[in-house]
Amino acid sequence: MSAPSSAPSAQAETAAPEPDFLSPDAGPRPPGPTPSQSRFQVDLVAEAAGTTDDRSPSSDASAAVPEPPGADPGASGEEAKGRFRVVNFADPNGAGSAASPEAPPAEGLQNGDTVMSETSLHSSTGGQHHYHYDTHTNTYYLRTFGHNTIDAVPNIDFYRQTAAPLGEKLIRPTLSELHDELDKEPFEDGFANGDELTPAEEAAAKEGVESKGVVKFGWIKGVLVRCMLNIWGVMLFIRMSWIVGQAGIALSCVIVLMSTIVTTITGLSTSAIATNGFVRGGGAYYLISRSLGPEFGGSIGLIFAFANAVAVAMYVVGFAETVVQLLKEADAIMTDDINDIRIIGTITIILLLGISVAGMEWEAKAQIFLLVVLLTAIVNYFIGTFISVKSKEPAGFFGYDGSILWENFGPDFRKGETFFSVFAIFFPAATGILAGANISGDLADPQQAIPRGTLLAILITGIVYLGVAVSTGSCIVRDASGNASDTLSSHFMSNCSDAACKFGFDFSTCKSQDECSKGLHNDFQVMSLVSGFGPIITAGIFSATLSSALASLVSAPKVFQALCKDNIYPGLTMFAKGYGKNNEPLRGYILTFGIALAFILIAELNTIAPIISNFFLASYALINFSVFHASLANSPGWRPSFKYYNMWVSLAGAILCCGVMFVINWAAALLTNAIVMGLYIYVSYKKPDVNWGSSTQALTYHQALTHTLHLSGVEDHIKNFRPQCLVMTGYPNSRPALLDLVHSFTKNVGLMICGHIRMGYRRPNFKDLATEQARYQRWLLKNETKAFYTPVFAEDLKQGTQYLLQAAGLGRLKPNTLVMGFKNDWRDGDMMNVEMYISMIHDAFDFQFGAVILRLKEGLDVSHIQGQDELLSSQEKSSGMKDVIVSIDTSKDSDADSSRPSSKATSLQNSPAIQKDDEDDGKATTQPLLKKDKKSPTVPLNVSDQRLLEASQQFQKKQGKGTVDVWWLFDDGGLTLLIPYLLTNKKRWKECKIRVFIGGKINRIDHDRRAMATLLSKFRIDFSDITVLGDINTKPKKEHVAAFEEMIEPYRLREDDMEQEAAERLKNSEPWRITDNELELYRAKTNRQIRLNELLQEHSSTANLIVMSLPLARKGTVSSALYMAWLEALSKDLPPMLLVRGNHQSVLTFYS
């Protein structure tokens, strides 16, 4: 066995030889760390060298390991719970490296991040890898594959999101801790991708840690009992017999089966979602919101909680009506029917509230008692069907008989009823399948309990409903008078065809006169008549109503509490608070009580009942759709352990639920859909700050990937050309004018990538680059800028631009136009920077890109201004976040340079992306990137900075009635014309008119104007005026030429005044210098730039924006200083100017 090591060190020779190290009688270890040792060491596992006790890994795990005296107790005490703790930083002087006197020294040599000890080689467990867990400091000491290392083996605790409720959250060593060089600080706390906790999850974690003795239910008491009680409602006892009378046995079974199919599919979908990860409290809301996102979850959660609250009133009123009926029979009415219902209903709901508030354990006991009563009533009914009693025959009960079954087999719809109207009456009886899921937070194991309990409840209740349908249709006739004298005489025996005739009864008289009071059609209390002991059926009705009311009274606050905890609706957060060890939502109970009491006092629920059913069905539809959507998105995170589902079956279930909504009550269905859509739009508009990894996100990614790949297989077409811009902004907030103007013509039209070249770093920190990328991307989104931020590390600007030109974008979504700011300070700094700048333009043309340069006379770069929080957009300010940074730079940064090493604004320490608030814990909320330093006073802005700041915001405002002057001097394929057209289509630029300026000859001005007007009309581009410049080739004024000569004087080579060899040497070392030869060669072109500036001053000095053809310079012929001087001479002292040059491929066409 060889000593494992990390990357070999240069000083590895100082380590002890490997054979000596492995030998049992190896010499003593050096007193201090060897040069090859790591800066930090992990505490070694201390075991007695001669231990022979057979200790299992579990007993090892509980053994406390003494801490060496060299460890810093303060540092270790401050470590987060569950962190891998660095307990001893190696001291260069050897201090603190001696082992604790209580523990024998661990023999071994440390190399890199790995420590090998003799005890780990000769472990009593045979070298097996296992944990050593220190119960006092909650720290793992890992011994992996025979040696100690901070690298961790797979462990469930690394994957937990919170400490609640299953175990402690541990954080694995980061990649940096294992991989970075040793002079970097290890162990920076952080979350893995997607593990950030929402406030609700943090609260859940806290509650999970604090709560002791929490009551949790298994699948029987928690789900099966609740679902059965909720599904077996009043319908079972007082409406099932009437449904059989109307629809017949066959269609009644079809109705039950149809309802069961809908609920079974929903149950399967619920099971799939519930087993795709840990389920917290919130039931249907939690399942839908974590699958489809907060928009659907928030909308359905609110109406689902409300529907449960109103359902309490419906069930309580059903109970009160039964009690009032008994009081009427006993002649004990208190006032009148309606008021008696109100009085009894109010007393009942107060008692139910008391049971609920007493705690879930009491509520569960009450449910068990009610289930026993209900089961007794059902058994009592089935026993009664086998006991034929003569006294019950006049009421239509004759016991099981084939003729009765045959007579009742087909439908007999009366009083305008149809199959669908009867189905609509029955279906609410099948709802209630989410009663168990709604208390998911109170279940011991929701992933097992919800599928098992829900599906078994659907099966049992479905069988019972079918049994009742068949049994009532087989032993009770549809019509009976209840009069014992309606017997059949022998004279009419031959003419009688009803099933009752067989038993000697003739109910034809009351049937013909529609006066029958008994039988399936006419008596809702038939089941009481049939049962062995009638009062038990009444007790069953009480049990069914009260249990359903109790389940809804518990469900509504639990769902509402989960909704409020997620802060989807900010005004409702007060209801998120829980009380007691079970986190009971007492405020939610009071609210539910209030809503239910209000509807009880109405006492007429016939209008509200269909809406409740529709609310439940909307929830079922979305649960089914969630499974279909998640399967369709094909996300790797969709891995339900419940396998008995199918995406297409779930989709069919969702469509069925929507269909049933309209069958039950089309008006209520429309109202339900309107409410869901209204809430959906509200939540979408509010954009709650949550990220649950919903299937909506997964499907968006899937569609984007599919469409991007599909797009890559399609050839570009002129009609579909879009300017896709790579904009050299540096940090996105450092050149706001450039960002705003380009965003104006790319928003919803083309791609925009903010390129940032980070230079001047001897050792680039790629991790920080990734952090900044995410942070500035959030900033762009927060400011509603539709762009991507792409930073790169490079040696210089030229190399970085080449990286971006080659690699930015994806497939067809690649930039085709390079956009830069004009280098205003080109004469102030190192001319090699100008050489780099001009080479960027040449590189763009080499890559077949178009090039665009924006010049503002005030400049573009505002990153040097101190405390410029005015730069923050109104959206960023209104978000209520704190102000924070300041990036100070004493020397003004170049407008073109993406990231100058000298700029403190872009240094890592002062980078706005690196600075964090105390509250910024890496969540999706973006802190403003521009802050006011509270410690240093704000420096008042000088006049030039004030102007710069105002100019940087000019494209954020509406432009008003002005002009965009297009100087289309050279045909570059049409990009010079397309950009202003796209710009004036936007709201801010809508009132600006396009004026076109072209070059021409004095004797052909009218002809050239007509030709251009024809071309523009064919392109369908509106313009207000066309000006033909006939004097474009006139010589410029002498003073302007003299000013140009003076400007270029410092950059001339003047090779005629020196030796040829010296001139060549100087040109090679300073390639930007202007030779006398090229100056003379391009004299005419130089004069044209100066003359164009004169014409621009004359015609376009009041324009809102000038868009002009960018003059070209032949690569290798025109020096960078001369080209820069041309651009300077052309664009100086003018309004905002956009110099544009396409890649000379057509981007406009007049063909359809």
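Over which residues does pLDDT stay under 50, and how many contacts beyond four places in sequence does the model have for them?

## Confidence

The stretch is residues 1–142, with 221 such contacts in the model; a contact means heavy atoms within 4.5 Å, and pLDDT is the predictor's confidence in each residue, from 0 to 100. Over residues 868–937 the pLDDT is also below 50, and the model has 183 contacts there beyond near neighbours in sequence.

This is a predicted model, in which local features need pLDDT of at least 70 and side-chain atom pairs count only at pLDDT 80 or more, while totals for chains, interfaces and linings use all residues. Residues are numbered from 1 along each chain as its sequence is written, and side-chain values use heavy atoms, with hydrogens and water left out.

The protein has a mean pLDDT of 74, with 75% of its residues at 70 or more. Confidence is lowest in helix 4 (residues 118–121), at a mean of 36, and highest in strand 8 (residues 725–728), at 92. Helices (H or I, at least four residues) and strands (E, at least two) are DSSP runs, numbered from the N terminus.

## Nonpolar cores

A nonpolar core is a set of buried Ala, Val, Leu, Ile, Met, Phe, Trp, Tyr and Cys residues joined through side-chain atoms within 4.5 Å. Buried means under 20% relative accessible area, exposed over 50%, and partly exposed in between (1.4 Å probe, protein chains only).

The largest core has 140 residues, and Trp232, Phe237, Phe426 and Tyr465 have the most contacts inside it. Helix 11 (residues 294–329) gives the largest share, 16 residues. A second, separate core of 62 residues includes Met759, Leu797, Leu969 and Leu1110.

Leaving aside residues up to four places away in sequence, Trp232 touches Leu371, Leu374, Leu375, Ile378, Ile460, Thr461, Val464, Tyr465 and Ala544.

## Second largest pocket

Helix 11 also supplies the largest share of the lining of the second largest pocket, 11 residues. Of the 43 lining residues, Val234, Ile238, Arg239, Gly318 and Glu321 are the closest to the pocket centre. The lining divides into 24 nonpolar, 13 polar and six charged residues. Here Ala, Val, Leu, Ile, Met, Phe, Trp, Tyr, Cys and Pro count as nonpolar, Asp, Glu, Lys and Arg as charged, and the others, Gly among them, as polar.

A pocket is an open set of points on a 1 Å grid over the protein atoms alone, where a 1.4 Å probe fits, with protein on both sides within 12 Å along at least five of seven lines; lining residues have an atom within 4 Å of a point.

## Positive phi

Lys415, in the loop between helix 14 (402–407) and helix 15, has a positive phi of about 55° although it is not a glycine. Lys415 counts as exposed because its relative accessibility is 76%.
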